[in-house]
Amino acid sequence: MLKKTAIVSLFTLISASYMAQNTTVIPVYLDESKPVEQRVQDALSKMTLEEKIAMLHAQSKFSSPGVPRLGIPEFWTTDGPHGVRSEVKWDEWDQAGWTNDSIIAYPALTALSATWNKNMSWNYGKALGEEARYRKKDILLGPGVNIYRTPLNGRNFEYMGEDPFLTSKMVVPYIKGVQSNGVATSVKHYALNNQEMFRHTSNVIIDDRALYEIYLPPFKAAVTEGDSWTIMGAYDMYKGQYASQNQYLLNDILKKEWSYKGVVLSDWGAVNNTEQAIHNGLDLEFGSWTNGLSEGHSNAYDSYYLAQPYLKLIKEGKVGTKELDDKVTRLLRLAYKTTMNRNKPFGNIASEEHKAVAREIGEEGIVLLKNQGNVLPIDISKAKKIAVIGENAIKIMTVGGGSSSLKVKYETLPLDGIKARFGKQADVQYARGYVGDIGGEYNGVKSGQNLKEERSPEALLNEAVALAKSSDYVIFVGGLNKADFQDSEGNDRKSYGLPYNQDNVISALAKANKNLAVVLVSGNAVAMPWVKEVPTIVQAWYLGSEAGNSIAAVLAGDANPSGKLPFTFPVKLEDNAAHQMGEYPGNKEELAAGKGKDQQNPINIKYNEGILVGYRWHDTKKIKPLFSFGHGLSYTTFEFEKAKADKTTMSQDDKITFTVSVKNTGKRAGAEVAQLYISDLKSSVQRPTKELKGFEKVFLKPGEEKEVTFTIDKTALSFFDADKHEWVAEPGDFEALIGNSSDAIKTKVKFTLK
Ligand code: BGC
């Protein structure tokens, strides 16, 4: 019999020799103890030319290949900024028909921006990133930060407004929140895609000062402060080159000036030239069909500009592999942060936290534009009967609008939210009032609603007016929707006014009942010819899954409105700078000559208005807006004490701090946004009257007072000197203006820059 110790040592011997035979050395690129750059170089050295080329372009509508032989996973992308898009077929836009791909829709980015609350941005990004992660996505196609130049842009609802500072501050936490899940963001659409009309067939002409001061800062913040791991090139042209293959935007500015180390991916079908795509900074090509613009061959991925045509050029010795290795290096770096990151969380969908995030952002983003006679909040003791009128009270808004369209687990409609909140105490009745858009399908996702209506417009209006007359409160819920030529990708709105005869309906309701609140669901400003007739106006945006609950909470006063406009509402379209001074939708003569119809005949769009965008224009030209940038009321009142500065003179490398006390002087808890604008009192160049350089949302109980401080340095005083190609702060006098809207400055402090 063998002794126990003998058995043990025999076992040790056998297992040791077994292990010795089977010990495989982990390749460096898979060795987590090695630095990422070393792993990247190792993976690169093991890849064939064909494998490298394969990584540079799509293999399906939303994915790109990894390196199967080396176990480097595919990248799966997904739209887009407000929720995780449903699964489509491999090579078609139709639904794949999965039953596990419904998600929570978060409020549109305009609503997020309107919260003026950076914490909300982080919550948004984190929750959305968790849903993307659970759905096994690696790259989220968003957020969008194109500046609001015209109220006609069909995609403004996906962006964050007209101000580069507000957008920059709001976008960074969103990015960090998403990426904390090991999911990359793809900030889009870089750059100058400020309208949908002619998006594939236009060339933007803009001076460097406007480019650097207005249109680039949010992208710069997204990549330098937010560290967005990817960025999406736009469709339009700048300096005659398409943005997704653009030497100036991608190489000179993004990769050189901003030292960007991440991945540039093209918008879907935005590439049309292999040489430019190789040399001008694009790393990863996506498309719709062969070129994305026309419906061509299916499974055409090998014909993409960064596919076989690139391989051919290399094989023929016409281009080297320097650019190729740089692109693959960037993609491998991205892989270690996403697909090959073993430390990322698992994510989750539709958790209670996610619903709460969606609801809170909705509540905080809603803007109370006007509230004469305090119609709101609804006084439940006086509200025996509440009339809800308007199509948007019953219309699903998460389906439609283009690539941001969603398949949701649920969407609480305004009418349902109002019934749930008030239905127990009051009789809530509904009348449609008008018929707008009865569609409810996008790429095969159906809203499931039947909005057909046989009755005549007169009958609908009469019914609504009769209901309004017999009610204690009237809540009109209208605005725009996600149908084509409304708030929707691919086209712009055709006019500034509300569609479907809503102006008449609103005027009739105003005559019928003085307790009227008009709630506008839209992502854009609209004309309000009835503004003086209507006591209360609420801007409610597209609020996603919790829309109805957020709206009801504000109507009831459960949530005290604290949203502020992220863009100006002009009285009329001609008051907007792009329409009065710039070019829209393009150069007039070229438009008349039929330019812009195809890529062979692009149209120029000159941004003549330069830096005077939004409130910068209205302030400087003294054109009174309908509602100003930064405007938004509350159910309580606030007072600003006189602001103080810690010094009166600062030097170029100094900082200056302004302190202001904000007090809630009303009877309800609420939040106010202290906004700091800087005015350059004398300058050698034209400067806007004032520019936003700081903001802080303060939550205050009744009677409570808090101090807000803003510290700035010379960057807040600078303009972009195009000749010197640098930011310049000119010595002289400045003024810090602090208030709660761009048109409500409460306190000012002068100071001097030496
Ligand atoms: C849009 C992008 C979107 C992509 C993928 C494009 O048409 O412009 O914003 O992410 O499609 O759906």
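Modeller: An open sheet is built from five strands in the order 21-29-28-23-24, with mixed pairing. Its edges are strand 21 (649-650) and strand 24 (691-700), each of which pairs on one side only. Strands here are DSSP runs of E of at least two residues, helices are runs of H or I of at least four, and both are numbered from the N terminus; two strands pair if DSSP finds at least two bridges between them. The model is predicted, so local features need pLDDT of at least 70 and side-chain atom pairs count only at pLDDT 80 or more, whereas totals for chains, interfaces and linings use all residues. Residues are numbered from 1 along each chain as its sequence is written, and side-chain values use heavy atoms, with hydrogens and water left out.

Thr649 has Thr752 of strand 29 as its bridge partner.

UniProt, in an unreviewed entry, places the feature "domain: Fibronectin type III-like" at residues 672-742; such annotations may be inferred rather than shown by experiment, and feature names are shortened, with positions in the numbering used here. In the model this span is 61% strand and 0% helix, and its end C-alpha atoms lie 14 Å apart.

The ligand is a separate topic. It is surrounded by 14 residues, of which the closest are Asp79, Arg155, His189, Asp267 and Glu489; a residue is near if one of its heavy atoms lies within 4 Å. This shell divides into seven charged, five nonpolar and two polar residues. Oxygen atoms of the ligand lie 2.7 Å from a side-chain N or O atom of Asp267, 2.9 Å from a polar side-chain atom of Glu489, and 3.3 Å from a side-chain N or O atom of Arg199. Taken alone, the ligand exposes 310 Å², and the protein buries 95% of that (Shrake-Rupley method, 1.4 Å probe).

Two backbone features complete the account. The peptide bond from Leu376 to Pro377 is cis, with omega near -5°, and Pro377 is found in the loop between strand 10 (367-371) and strand 11 (385-389). Tyr584 and Pro585 are also joined by a cis peptide bond, with omega about -5°; Pro585 is placed in the loop between helix 18 (577-580) and helix 19 (588-592).

Key. Polar contact = N/O pair within 3.5 Å; in protein donor to acceptor, adjacent residues only side chain to side chain. Nonpolar A, V, L, I, M, F, W, Y, C, P; charged D, E, K, R; others polar.
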